[in-house]
Amino acid sequence: METNNDTRAPDIAMMRETINRLLTPTENTPHTSTELETLTGLLRGHMELLMPEVQAAAVKLPKDDVPRYCALACIGEARQRLAAEPSPVPGGDGAYARRLARSLAALCDHYETLTGVSMCLACDKPIKVGDESVPYDQVSPSGGGVGAGRVHARCVNALHCR
């Protein structure tokens with residue numbers, strides 16, 4: 001098992017920005033094959049950096065621990081997706097990139113859960129130990145939560161309904 005010797009935490013906010021470029025249709029959605037190829041490369045690189053971090057955090061848990069099992073299963077699925085090739089059919093490269101994005105999103109979730117890292121829902125920066133933060137739960141009109149988590153106390157006034 002190889003782990004990252006760099007003492008800096010993975011940049012989960014940047015990883016999630018890359019994910020959102022593919023999974024949240026906006027004006028930034030890749031339109032050319034070159035843009036899609038670049039994003040696919042970024043996703044692959046992010047996954048390769050994050051998988052050892054998630055694995056290192058997961059193996060610290062007891063062998064019968066559910067979060068450990070789920071994180072290790074997620075790593076296995078991510079490895080399979082990295083080993084796969086895009087389908088040659090039209091749109092196959094976009095579908096492949098979206099599958100990588102969903103795997104990276106799951107890895108980010110596991111990393112945050114296993115390491116206790118929490119991201120501010122307003123500024124997308126980590127909420128560090130000692131930072132003042134408050135719970136935040138934006139509720140959709142249908143009654144489901146669409147943004148449960150925490151925000152820095154300094155970011156509370158920056159929130160608005162989406």
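Predicted model: local features only at pLDDT ≥ 70, side-chain atom pairs only at ≥ 80, totals over all residues.

Trainee: What share of the residues in the chain is buried?

Mentor: Buried residues make up 33% of the 162 residues in the chain. Another overall view comes from the contacts: of those between residues at least 6 apart in sequence, 59% join residues at least 24 apart.

Trainee: At what angle do helix 3 and helix 4 cross, and how should I read that angle?

Mentor: The general idea is to compare the directions of the two axes, and an angle over 145 degrees counts as roughly antiparallel. In this model the axes of helix 3, residues 66-83, and helix 4, residues 92-115, cross at roughly 155 degrees and come within 10 Å. Helix 3 and helix 4 are therefore roughly antiparallel to each other, and their crossing is left-handed.

Trainee: Which residues in helix 3 and helix 4 meet?

Mentor: On the side of helix 3 they include P67, C70, A71, C74, I75 and A78, while helix 4 contributes, among them, Y96, L100, S103, A106, L107 and L114. Sorted by class, this contact of helix 3 with helix 4 has 12 nonpolar, two polar and four charged residues.

Trainee: At what angle do helix 1 and helix 4 pack?

Mentor: Helix 1 and helix 4 pack at an angle of about 150 degrees, with their axes 9 Å apart, and they are therefore roughly antiparallel to each other. Helix 1 passes helix 4 in a left-handed crossing. Among the residues that meet are I12, M15, R16 and I19 in helix 1, together with A97, A101, R102, A105 and D109, among others, in helix 4. By class, the contact of helix 1 with helix 4 has 11 nonpolar, no polar and five charged residues.

Trainee: How far apart are the axes of helix 1 and helix 2?

Mentor: The axes of helix 1, residues 12-23, and helix 2, residues 33-58, are 10 Å apart, and the two helices pack at an angle of about 145 degrees. This crossing, too, is described as left-handed. Helix 1 brings residues including M14, T18, I19 and L22 to the contact, where they meet residues of helix 2 including L36, L39, L43 and H46. In this contact of helix 1 with helix 2 there are 10 nonpolar, two polar and one charged residues.

Trainee: Is S103 buried or exposed, and how would I tell?

Mentor: S103, which has its place in helix 4, is buried because its relative accessible area is 5%. Leaving aside its neighbours within four places in sequence, S103 is in contact with M47, C74, E77, A78 and R81. S103 and I19 are 84 residues apart in sequence, although their C-alpha atoms are 9.5 Å apart in space.

Trainee: What can I say about T113 and its accessibility?

Mentor: T113 is found in helix 4, and it counts as exposed because its relative accessibility is 58%.

Trainee: How does the span of helix 4 agree with its 24 residues?

Mentor: At 1.5 Å a residue, helix 4 should span 34 Å, and its end C-alpha atoms are 34 Å apart, which agrees. Helix 4 is followed by G116, whose phi is positive, near 80 degrees.

Trainee: Where is L121 found?

Mentor: L121 is found in the loop between strand 1, residues 118-119, and strand 2, residues 126-127. With a relative accessible area of 26%, L121 is partly exposed. L121 and V156 are 35 residues apart in sequence and, C-alpha to C-alpha, 9.6 Å apart in space.

Notes: Residues numbered from 1 in each chain as written. Heavy atoms only, no water. Axes fitted to C-alpha atoms, helices over the stretch in contact; angles between N-to-C directions. Helix = DSSP H or I, 4+ residues; strand = E, 2+ residues; numbered from the N terminus. Parallel < 35°, antiparallel > 145°, perpendicular 65-115°, else oblique. Left-handed = near helix turned anticlockwise from the far one by under 90°. Contact = heavy atoms within 4.5 Å. Nonpolar A, V, L, I, M, F, W, Y, C, P; charged D, E, K, R; others polar. Buried < 20%, exposed > 50% of the residue type's maximum accessible area, 1.4 Å probe, protein only. Expected span 1.5 Å × (residues − 1).
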